[in-house]
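Q: I'm new to reading protein models. Can you walk me through charge pairs and pockets?

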Amino acid sequence: MSYVPHTPIERAEMCEAVGVSEMEELFDDVPDAVRFPDLNLPQATTELELAVEVGRLAANNTPVEKGATFLGAGTYNHFIPSTVDSVLRRGEFFTAYTPYQPELSQGMLQAMFEYQSMVCQLTDMEVSNASHYDGSTALAEAVLLALDVTKGRDKVVFSPYVHPQYRAVVRTYLRGTDAALVGCDEGRSEMDQLASALDDRTAALVIQSPNFLGHFEEVEGLAEAVHEVGGLLIVVADPISLGLFRSPGSYGADVVVADGQPLGVPPSFGGPHLGIFATRRSYVRRLPGRLVGETLDRSGRRGYVLTLSTREQHIRRARATSNICTNSGLTALAAAVYLATMGKAGLRRAAELCYQRSHYAAKRIGALEGFEVNPHAPDQPFFKEFVVQLPAPVEHVNRVLLEEHGILGGYDLGQDYAHLGQHMLVAVTEMNTRADIDRLVDALEVLRPGANG
């Protein structure tokens, strides 16, 4: 039974105003065949029968231990403190949607304010919004901001090692516009080559650090180069890496975006995620989405308000900066609780474990006959992810790992880069113990050339 907020008297008044005696008459012009189609649904089942059926369907999933997961490429298996789930499952947070009436949602607004504050600390930027759907949409909005700031420019220079799916989302956002994406698909461009592509048509230079392959590329001088031609530097970051390595703001980024899924959000078969977006104070009026602010009421009590909101932008129409009408509130809350729980030392420790264990795994795999680690950039520093050239197709290797060893292998890079066929992207986080890594190496050793005699 659905809840109708209007009283019977109010409904009668509305019916009288439109000339009908009861609400059902409003549907008389709709043919019965459309209103009541034959849905051919099976008979209803009892709760017990339904539970058995759902259990049967769930049993089709292949169970994989958390430590036996080495698949990353944008969605990662990180440790989640128990406090995150405890806070998220509180009714006032778990059932909330978007705070359209901010004065009635002080708890959620305070959580978003704390989230924004910690994102600014993490990225070394001056202002953050109250989140986006995921990292790819945050990047697309960052590109739109750059095009808006640099009106009249139509060129966005991309590093080819920005996440391929992020680049695809940006293309979709810009379809039908005059904007051109440069440097997206070559797959071999160096940073100095990207800098040479900058000119007075450039609205932004987009890089990822660490990049999609897990590498840290040389970023010094890039901000100066793009600023010299009047463009913006947009950086896609890994939020966990910022617990250990330099923040994008420290080397001149104008906009920092990231996927916040590693911050307390489980992989969950690919979603939901969280889009982080932070920028300079000078661009706050062009900020997409929502911005929560702190103020004092007339009694001097602290309160939280939507300082900038999409509702306002919808009303302004031509001056609106985006069409975002909601934010990933629950996952942003998860990130806020995660960061508050872990603290500076905890986040650094998580990043250190990712760095140390990924390097241990790379060293062990690289010692196997027929396997080569980071073959195209052997001396380039990396974090959490690295490339492995395999002696067999990635699809075959992953099938053997899963079916015979219960291990979820890495990402097939040949899907996105023609020159990286038979190359796997392996992700190692703090959740992968030394024993888990050794088990992976033992399973891969069986696949080396001549291993079966």
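Q: Which side chain does Lys155 meet in a salt bridge?

A: Start with the general idea: side chains of opposite charge can pair when their charged atoms come close. In this predicted model, the side chain of Lys155 meets that of Asp199, at 2.9 Å from N to O. The pair ties together distant parts of the chain: Lys155 sits in strand S2, while Asp199 is in the loop between helix H9 and strand S4, 44 residues apart.

Q: Is Lys155 buried or exposed?

A: Lys155 has 8% relative accessibility, so it counts as buried, being under the 20% cut-off. Asp199, at 26%, counts as partly exposed.

Q: What about Arg349 and Glu352, where do they lie?

A: Both are in helix H12, three residues apart, which is about one turn of the helix.

Q: Now pockets. How much space lies in the largest pocket?

A: The general idea is that rolling a probe the size of a water molecule over the atoms shows where empty space is left. Here, the largest pocket holds about 920 Å³. Of its 34 lining residues, the closest to the centre are Thr75, Pro267, Ser268, Phe269 and Gly270. By class, that lining has 15 nonpolar, 15 polar and four charged residues.

Q: Which helix gives the largest share of the lining of the second largest pocket?

A: That's H12, with five residues. This second pocket has about 320 Å³ of space.

Note on methods:
Residues are numbered from 1 along each chain as its sequence is written. This is a predicted model: local features need pLDDT of at least 70, side-chain atom pairs count only at pLDDT 80 or more; totals for chains, interfaces and linings use all residues. Side-chain values use heavy atoms; hydrogens and water are left out. On a 1 Å grid over the protein atoms alone, a cavity is a set of points where a 1.4 Å probe fits but cannot get out, and a pocket is an open set with protein on both sides within 12 Å along at least five of seven lines; lining residues have an atom within 4 Å of a point. Grid points are joined across faces, edges and corners, and a volume is the space filled by probe spheres set on the points. Ala, Val, Leu, Ile, Met, Phe, Trp, Tyr, Cys and Pro count as nonpolar, Asp, Glu, Lys and Arg as charged, and the others, Gly among them, as polar. Helices (H or I, at least four residues) and strands (E, at least two) are DSSP runs, numbered from the N terminus. A salt bridge is a side-chain nitrogen of Lys or Arg within 4 Å of a carboxyl oxygen of Asp or Glu. Buried means under 20% relative accessible area, exposed over 50%, partly exposed in between (1.4 Å probe, protein chains only).
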